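Here are my notes for your first read-through. Please keep the structure open beside them and find each residue as it comes up.

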Amino acid sequence: MKTIPIFLIDAFTSEAFRGNPAGVVLLDEQADAIWMQQVASEMNQAETAFIVPQDNKEFGLRWFTPTVEVELCGHATLASAHILWRLHKVAKDDPIVFNTLSGQLTCTRVENKIQMNFPTKVVTPCKEPYGLLAALQLLEANIFSNGMDYLVEVKDEATVRSMQPIYAALAEVKCRGVIVTARSSTSGYDFISRFFAPASGINEDSVTGSAHCALGPFWSQRLDKLSLVGYQASPRGGVVEVDTLSDRVNLRGNAVTFLKGELRGE
């Protein structure tokens, strides 16, 4: 009976039960997309990553929520790099190159953290899509879009932390997800955020690396800083360090292996 290694990794944290858990499946060869979606649904994590070796010591990487395949996912990329180094699939000082639906993504080790080089997802001001503010139970906010997510800037950190969206209504808004953010009033953080994606099968994501591809440039411009620290204020919580480059961002964080298992196939 063939077995396939599978892991559960807590990303953007150095402690178990914090950050954002991601499933990571190590494949020998490319798998059927329907099967990968079924595995992701069974794992029932925000994302499950599937890694397959390629030529030139590179890896193919795909991400699935419990209901859909997504084009970009930060925490499951961080989790994937973590386990490849942990299992010595890649030498600890060598970079890891992933080929994905969002192009080539490179991960490196920077001191005790994993750094991911991602494309920016810059937002621009837009009109409110029908029902967005009502679903967030907000009367007013500044609204932006990058064609993938809406970014909603609110007045203060307390508003972000206390938000209770109506998920059924938010799922009707046509987008991957909604980032809600404000300047942080907590020492040590530049900005605070939360990420809601009921249309993608995730009511609230714990820590969203890909959202920081928008949050980095957004707050870099407003705070006049190239290097920032963001806190995602989900119930689990997590910290993302962001360096804003020209058309890329570097995202940094830690990861912890929580569970190791195997998938069994006939």
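1. Start with a charge over a ring. The charged end of R109 sits over the ring of W85, at 5.4 Å from the ring centre. Keep in mind that this is a predicted model.

2. Now look at R222. Its charged end sits over the ring of F218, 3.6 Å from the centre of that ring. F218 also belongs to an aromatic cluster.

3. Next come the aromatic pairs. How many aromatic pairs are there? The count comes to nine. One of them joins Y167 and F196. Their ring centres are 6.2 Å apart, with 50° between the planes. This pair is tilted.

4. Where do these two partners lie? Y167 is in helix α5, residues 167-170. F196 is in strand β13, residues 191-197.

5. F196 has 0% relative accessibility, so it counts as buried. The cut-off for buried is under 20%.

6. A second pair joins Y189 and Y231. This one is stacked: 5.1 Å centre to centre, with 25° between the planes. Y189 lies in the loop between β12 (177-183) and β13. Y231 lies in strand β15, residues 227-232. The partners are 42 residues apart, and the pair links distant parts of the chain.

7. Y189 is at 26%, so it counts as partly exposed. Y231 is at 12%, so it counts as buried.

8. Turn to strand β17, residues 248-253. Five of its six residues are buried, so the strand is mostly covered. β17 runs antiparallel to strand β8 (residues 113-119), and six bridges join the two. In one example, Q115 has R252 in β17 as its bridge partner.

9. β17 also pairs with strand β16, residues 238-244. Four bridges join them, and they run antiparallel. D243 has N250 in β17 as its bridge partner. β16 and β17 form a hairpin, with three residues between them.

10. Finish with D32. It sits in the loop between β2 (20-26) and α1 (33-43). At 47% relative accessibility, D32 is partly exposed. D32 and L170 are 138 residues apart along the chain, and their C-alpha atoms are separated by 31 Å.

Key. Residues are numbered from 1 along each chain as its sequence is written. This is a predicted model: local features need pLDDT of at least 70, side-chain atom pairs count only at pLDDT 80 or more; totals for chains, interfaces and linings use all residues. Side-chain values use heavy atoms; hydrogens and water are left out. Buried means under 20% relative accessible area, exposed over 50%, partly exposed in between (1.4 Å probe, protein chains only). Rings of Phe, Tyr and Trp (its six-membered ring) pair if their centres lie within 6.5 Å; planes under 30 degrees apart count as stacked, over 60 as edge-to-face and the rest as tilted. A charge sits over a ring if NZ of Lys or CZ of Arg is within 6 Å of the ring centre and within 35 degrees of the ring normal. Two strands pair if DSSP finds at least two bridges between them.
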